[in-house]
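Biologist: Please take a close look at one part of this model for me, the aromatic cluster. Keep it plain, and define your terms as you go.

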Amino acid sequence: MGGAPGGGVIEPGQTVSGTLASGDERLDSGEYRDSWTLRGRRGDRVVVRLSSSDFDPYLMVRGLGLSEDNDDDPSQRGGLNSRLEFTFPENGEVVLSATSFEAGETGRYSLSVTRADAGASRPDPTPGAATGAIAVGEQVRGRLGEGDAQLRSGEYVNTFTLRGRAGERVEIALTSDQFDPFLMLSGPGGFSTFNDDDPTGNGGLNSRLITTLPADGAYEITATSYAPGESGDYRLSVSRPGAEVADTPTRGEQAAPSGGRLSIGDTISGSLAAGDAQLNSGEYSDSYTFIGRRGQRVAIDAVSDEFDTYLMLSPPTGDQLDNDDGPDGTNARLTEVLAEDGEYTIQVTSFAPGETGRYTLSVTQGQESERQRTVQAGQRVFAVMVGVSDYPGDHNDLPFTDEDAIKLEEELARQGVLNPASIVLTNAQATRASVTAAFREVAAQAGPDDLFIFFFSGHGVQEDSDDPAELDGRRELLSLHDGDLSDDELAALFETVDARLALLVIDACYSGGFARDIITRPGIMGVFSSEEDLTSAVADKFQAGGYLSTSCVRGWKAPPTRTATIWSPPANCPPICAASSRWRSPTSRPKPPTASATTRTWSSTAAACRWTT
């Protein structure tokens, strides 16, 4: 990290420290500022971050027709640090102004510039690269220049194939006195690493990689330059390093104590320390970003022997996810199927305020459970979702119950799991004939690798029955728009389902009574808002028809807090369903709620809805 009081020159990939202080240049409005010059080429896209724990940072860029400002990084949701991302419209220089939001603020700051694709391996060369083979103990001479293949960012490349064995240590050196060399190595299993400048500092701008090969097979060495368009002669050698020489830190092991951009597959080391950004509740925090794709399964781990790690993940839109302790003691772990394309922000922090120490953060491709591993991904949820709020005649109307069905459909679609064959029926659409027909139509399309859901939110009633199977002498019915659907009729419909799992979700009075008739064989699961002889409450506080409905929708949004499944939540549950939610502000974190029977049951209800994915 370099520092230069009052500003200076900064380059992509560099982080500098500075101080706003009396005597610095001032804006007309009274704020101190340091000016930093950044050079770029047309089309270069860069991310500039300004962070400080001493004042509220404010970032400006001027020059080449650019005039952009940022006060608070929108990806940090409540944080005060600043972030700008822009593209150079032409070759030349821009001026970055590190300043404060309020006039007269002073203190230390950190300014970093990264390429917008930093953290990811460089793009594959275009076809036609000069190729050859090289073995351990050999040295080759070559030249980069016009006619060679080029990376999309403009650097010329030559590639060489190296045969290696698992556990073999190699030293690869690329030297030139005519350009700034850059080395890349890729191989079996997605292995990838690179080096710009010899980490020992003895080689100047020359590149050197010392690494242990992870598997048998062919590895590709890419000889290129640091800047686009550089050309000249070079020498490439591969040898065996001495046992006393340590491996070069790979891109996944290089320290990034103040955060930065990651790629899925990276592992980085960092440190929480005084001077880092802090949450409102006092915990130090490092922030990292990565680009994710909808439907991608990721696992994020924060491991430390020096403090109790805590992880927060903020998607491009929507609600934040948190984890304190994963399955491994006090280390935090988040596993998630990403709901949308875009930039995700990871915050590594501690459970208690003021904790400091080293940590390791990894972002990897998540592993599916044994149950999920054999199921093809995609739109595997076939659902019939029914909500009746507007009843004809002397039935009392219910608030929001029609919206319960709509919200569930929206959330399943947003997650990318809802099959287009699914059907939503609300109010006058939800007749006996249409619900029965929709059930048969959707169930017929659900196969042995799919999940079938029947969801109902509305009135539930009971009537006398002579059926000896009804131990209380009463049978349960769902009140549709033009009549009732009985527990026996619904059970007959479920007999036609041939899916991997069939899930019955009823948010209505007396709903627990349906379990006796329908949850009668493996592969059928029920979640009910009340016991057999009790009524259910309306969850108007949550703008929902019932507490079960809002718990299920939220359960699909966030990982469960427990893994147990409760088949029949208690009736008239008070509005404490948010206890199962793990949504927290990224700037403050309430402690986990005190466990109670009701809290545990509703957490498990959300878990049941989530588990079925």
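Modeller: Buried means under 20% relative accessible area, exposed means over 50%, and partly exposed lies in between, with a 1.4 Å probe and protein chains only. This is a predicted model: local features need pLDDT of at least 70, side-chain atom pairs count only at pLDDT 80 or more, and totals for chains, interfaces and linings use all residues. Residues are numbered from 1 along each chain as its sequence is written, and side-chain values use heavy atoms, without hydrogens and water.

Now the rings. Rings of Phe, Tyr and Trp (its six-membered ring) pair if their centres lie within 6.5 Å; planes under 30 degrees apart are stacked, over 60 edge-to-face, and the rest tilted. That rule gives nine aromatic pairs. One of them joins Phe439 and Phe452, edge-to-face, at 4.9 Å centre to centre and 65° between the planes. This pair links distant parts of the chain, 13 residues apart: Phe439 is in helix 3 (residues 432-445) and Phe452 in strand 33 (residues 451-457). Helices (H or I, at least four residues) and strands (E, at least two) are DSSP runs, numbered from the N terminus. Both Phe439 and Phe452 are buried.

Phe439 also pairs with Phe454. Here the rings are tilted, 5.6 Å centre to centre, with 50° between the planes. Phe454 is in strand 33, 15 residues from Phe439. Phe439 counts as buried because its relative accessible area is 0%. Phe454 is buried too, at 1%.

Ring pairs link Phe439, Phe452, Phe454 and Phe494 into a cluster. Phe494 is among the buried residues of helix 4 (residues 487-494).
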